[in-house]
Amino acid sequence: MLAERLRTTRDRLGLSQQAVAASTGIPRSAISDIERGQRRVDSLELKRLAVVYGRSVEYLLGEDDEGEDQGSLRILTRAHAGMTADDRAKLVAFAEFLRHHAHTARVEHDVRRTTADRPRDGDGVG
């Protein structure tokens, strides 16, 4: 479970094993061995990996199924903190755009479904 969660989380974040190694001080070959389940992880290494991945140690161990939303929120919070004011404003604007787009798509879907459910003239209703 741990090996799979570490590899999957690293992949989702778009991080290379080398980048994780540089951020944690754990050799790249050890990162590879850990992700293949060929090496144990000590508690300090696990804590460093959790910090880099923006996840709880419990999540990485499979003891807590913190939702993707929670992990994504942590990642965005960290990214937000390192941005300029202009970049933060762009991030907020993009988030608003995505939220509006999702809402519009749901409304259009509901309209299409409602329209498809209506009897048409000449369908024998009436």
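The model is a predicted one, so please read the values below as computed from it.

**Helix H4**
- Helix H4 covers residues 43-53, and its buried residues are Glu45, Leu46, Leu49, Ala50 and Tyr53.
- An α-helix has 3.6 residues a turn, so positions three or four places apart point the same way.
- On the face turned away from the buried side of H4, you will find the exposed residues Ser43 and Leu44.

**The two ends of H4**
- Just after H4 comes Gly54, which has a positive phi of about 65 degrees.

**Thr24 in helix H2**
- Thr24 belongs to helix H2, which is made up of residues 17-24.
- Thr24 counts as buried because its relative accessibility is 5%, and the cut-off for buried is under 20%.
- Beyond its neighbours within four places in sequence, Thr24 contacts Ile31, Arg48, Leu49 and Val52.

**Ile34 in helix H3**
- Ile34 lies in helix H3, residues 28-35.
- With a relative accessibility of 4%, Ile34 also counts as buried.
- Setting aside residues up to four places away in sequence, Ile34 touches Ala3, Leu6, Arg39, Arg40 and Val41.
- Leu2 is 32 residues from Ile34 in sequence, yet their C-alpha atoms are 8.5 Å apart in space.

Key:
Residues numbered from 1 in each chain as written. Predicted model: local features only at pLDDT ≥ 70, side-chain atom pairs only at ≥ 80, totals over all residues. Heavy atoms only, no water. Helix = DSSP H or I, 4+ residues; strand = E, 2+ residues; numbered from the N terminus. Buried < 20%, exposed > 50% of the residue type's maximum accessible area, 1.4 Å probe, protein only. Contact = heavy atoms within 4.5 Å.
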